[in-house]
Amino acid sequence: MLSQHSPAVFQEEFQMTFATSCFSVLPFGMNGIGGIGGVSIGWRPIVALHIPDGFLNLPVIGVTWVISIALIALALQRVQAEYQDRTVPLMGVCAAFIFAAQMINFPIPGGTSGHLLGGTLAGALLGPWAGSLVMAAVFIVQGVLFQDGGITVMGANIFNMGLIGTFGGYYLFTAIRRSLGRNKLQSMVVASAVGAWVSVMAAAFVCAIQLATSGTVPLGVALSAMLGWHVLIGIGEALITVATLTFIWRSRPDLFFHPPRRSAVSVAQPYSVR
Amino acid sequence: MLLQIGPFTLDVDSNRPTFWQSLMPQTRLLCTLMMVMAIALTPNGEWLTWGIYGAGILGVLLTSQITYWVLLKRLAVEFSFVGVVLLGTLFREGGITLWQWGIFTITTHGLTILGSVSLKAFLSLVLLNFLTLTTSVPALLHALAALKMPPLLVAILASMYRYLAVLIEEFSAMRRAALSRNLMNSRRWQRLVVGNMIGSLFIRSYERGERVHQSMLSRGYTGIPRMAAVPQSRHRDRFIVILTLLFAALGQGIGWYGGGLR
C-alpha cells in the first residue's frame with residue numbers, strides 16, 4: 001500500500017505510476033510494478049493521451065498555447081467571480097481529486113488498461129469553467145513535476161483534454177440530459193455515457209490531427225491508431241463516469257453543477273472521517 | 001517558502017553543494033524551459049544541433065552530483081512509454097526505401113523523423129527529470145510565481161499539491177476496504193466499485209475543500225492568496241539565463257550553417 005511505504009519507495013512507486021499515463025500503448029503495462037494498484041490486475045497494455053515534448057511543431061504549439069492561456073485566464077476570472085474566497089481550497093482539492101482519479105487504471109475491453117481522463121466528470125460536477133481550470137491545474141502538475149506530458153506541448157494537452165474534453169463533454173452532457181429530462185437518473189446516465197465517450201474520441205481525433213499537422217505521424221496512421229484505441233478507452237471512460245455520477249446522484253445530488261430539481265433532496269451527513 | 005509540507009520527495013539531489021543547485025529556482029526553471037523549447041523546436045534532421053545540446057546537458061549533469069541511477073530509472077520508465085508511439089513515425093512515404101514488407105515500408109525519411117523525434121523526446125525528458133531531481137516542489141512553485149504565473153493559479157497548484165497525498169491515501173483505504181469485502185473479483189464489479197470509489201472520493205474531497213476554506217477563513221484568509229516574497233534574481237542568475245539563451249542560439253546557428261553547407 002502506498003501509505004505503508006517509506007518515502008523513497010513511495011517516490012519511486014509514484015513516479016512509475018505517472019509514467020503509465022504517457023501518450024502511448026505498451027505491450028506490457030506497468031501496473032504490476034507501479035499502478036496505484038490492484039484496480040487493474042496483471043500485466044496489460046495501458047493507453048492514454050498525453051503528448052510528450054518533441055512531437056509537435058511550432059505552429060501547432062503556438063496556436064494551442066494561445067488558446068489554452070486564454071482559456072486559463074478566462075476560467076480563473078469566472079471561477080474567482082463564482083467561488084470567490086472558496087476558489088483556492090475548493091479548486092485545489094478538486095484538482096487533487098482528478099489527479100488521484102486519473103491514477104486509477106481500470107480494465108477496458110480488449111485486454112488493455114486505461115485511466116480516467118475525467119473531463120466530462122469534472123464538467124458535470126464543477127461546471128465548464130471550474131472543470132477546465134481544475135483539468136489545466138492537473139496537466140501543469142503532471143507535466144512539470146512528473147514528466148507526464150511535455151512542457152512545450154502542454155498547451156496542446158490542455159486544449160485537447162481541458163477544452164475539448166471538459167467543455168465539449170460538459171455541453172454534450174448538459175444538452176442530452178436536458179433533452180431527455182433533467183431530473184431523471186436515466187437521462188443523466190445516457191448523457192454522461194455519451195458525453196464521456198464522445199469527448200474522449202474528439203480529444204483523440206484532435207490529437208491525431210495535431211500530430212499529423214506537425215508532420216510527426218502520417219494522418220492515416222495517427223487517426224487509425226488514436227481512434228482505434230480510444231474507442232475502447234472511451235468505453236472505459238464512459239462506464240467509470242456513469243458509475244461515479246450515479247453514485248453521486250444517489251448520495252449527494254446537490255453536488256452536481258446543475259443538480260436535479262427534486263422535492264426531497266437527500267443531503268447526507270459528511271462522509272469524511274477526518 | 002510557499003509550502004512547508006512535502007507529500008512527495010522528487011528532489012533527491014536538491015541539497016548538493018554545486019553551482020547548478022546554488023542558482024535561484026526560477027533561473028533553473030527558466031534555463032530548462034529555454035533549452036526544452038530549443039530542443040523540441042529544432043527542425044527534424046538537425047543532428048549537429050542536438051549533439052551540441054546533448055554535450056551541454058551532459059556537462060551540467062556531470063557537474064551537478066546527481067544520483068544517476070534514479071535519473072536512469074525514471075528515464076527508462078518514461079521513455080519506454082514514449083518509445084512505442086515513436087514506431088508510428090517510422091512507417092511513411094518519402095526518401096529511399098530501405099525495407100518493405102506488405103504495407104510496411106521503412107524509408108530514409110521515416111528513419112530521420114523517428115530519430116529526430118526520439119532525440120527531442122529523450123533530451124527533453126533528461127532535462128525535466130534533472131530539474132525535478134535538483135529542485136524541490138515548493139521551490140518550483142515559487143519559481144512559477146517568480147516567472148509571473150498568476151498568483152491565483154499558483155495558489156491552486158500549491159493547494160492541490162498539499163492534498164494529493166491525503167486523497168491518494170484515502171483512495172487506498174477505500175480500495176483496501178473493497179478488497180477485504182471481495183468486491184474486486186469480476187471486471188464488471190471492478191468498474192462499478194471503482195466508479196463508486198471515485199464518486200465517494202469526490203464527495204469527501206468537496207467536503208474537505210469546504211472545511212479547508214472554513215479553517216483558512218478562521219486564520220484570516222480574505223480570498224487573496226498571500227505569496228511569500230520571491231527572492232530577486234542576482235547578477236549571476238541573469239548571466240546564466242543569458243548564457244543559456246546564447247547556447248540555445250549557438251546550437252541553432254551551427255545547425256543552420258551546417259544545413260546550408262549540405
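This is a predicted model: local features need pLDDT of at least 70, side-chain atom pairs count only at pLDDT 80 or more; totals for chains, interfaces and linings use all residues.
1. Where the two are in contact, 5 residues of domain 1 of chain B meet 4 residues of domain 2 of chain B.

2. Next, the overall make-up of chain B. This chain has 9 helices and 2 strands, and along the sequence they follow the pattern α-α-α-α-β-β-α-α-α-α-α. Of its 262 residues, 53% count as buried. The contacts in chain B also reach along the sequence: among those between residues at least 6 apart, 75% join residues at least 24 apart. As for the surface, chain B exposes about 12200 Å², with carbon and sulfur atoms supplying 67% of that area.

3. The largest nonpolar core holds 143 residues, and Met91(A), Ile198(B) and Phe202(B) touch the most other members. Helix 7 (residues 151–180) of chain B gives the most to this core, contributing 16 residues. Both domain 1 (19–146 + 233–261) and domain 2 (151–218) of chain B give residues to the core, so it lies between them. As background, nonpolar side chains tend to be buried together in soluble globular proteins.

4. Met91(A) deserves a look of its own. Setting aside neighbours within four places in sequence, Met91(A) is in contact with Val79(A), Tyr83(A), Arg86(A), Ala130(A), Leu133(A) and Val134(A), and also with Ile156(B) from chain B.

5. Which helices does the buried part of helix 6 of chain B pack against? This helix (residues 137–146) is mostly covered, with 9 of its 10 residues buried. Among the buried ones are Val137(B), Pro138(B), Leu140(B), His142(B) and Ala145(B). The buried residues pack against helix 6 (128–146) of chain A, and, within chain B, against helix 2 (25–41), helix 5 (108–134) and helix 7. Just after helix 6 of chain B comes Lys148(B), which takes a positive phi of about 75°.

6. Over in chain A, Gly119(A) sits in helix 5 (residues 119–126). Gly119(A) is buried because its relative accessible area is 5%, under the 20% cut-off. Not counting residues up to four places away in sequence, Gly119(A) touches Met135(A), Gly165(A), Thr166(A) and Glu237(A). Thr87(A) lies 32 residues from Gly119(A) along the chain, and 19 Å separate their C-alpha atoms.

7. Is Ser251(A) buried or exposed? Ser251(A) is buried, with a relative accessible area of 11%. This serine belongs to helix 9 (residues 219–251) of chain A. A polar atom of the side chain of Ser251(A) lies 2.7 Å from the backbone oxygen of Phe247(A). As a reminder about helices, an α-helix has 3.6 residues a turn, so residues three or four places apart point the same way.

8. A last point concerns cysteines. How many disulfides does a search of the whole structure find? The search, over all chains, finds 0.

Terms used. Residues are numbered from 1 along each chain as its sequence is written. Chains are lettered from A and ligands numbered from 1 in the order in which they are written. Side-chain values use heavy atoms; hydrogens and water are left out. A nonpolar core is a set of buried Ala, Val, Leu, Ile, Met, Phe, Trp, Tyr and Cys residues joined through side-chain atoms within 4.5 Å. Buried means under 20% relative accessible area, exposed over 50%, partly exposed in between (1.4 Å probe, protein chains only). Helices (H or I, at least four residues) and strands (E, at least two) are DSSP runs, numbered from the N terminus. Domain bounds come from an automatic or database domain assignment. Contact means heavy atoms within 4.5 Å. A polar contact is a pair of N or O atoms within 3.5 Å; within protein, one must be able to donate a hydrogen and the other to accept it, and residues adjacent in sequence count only if both atoms are side-chain atoms. A disulfide is a pair of cysteine sulfur atoms within 2.5 Å. Accessible areas come from the Shrake-Rupley method with a 1.4 Å probe; for residues, only the protein chains shown count as cover.
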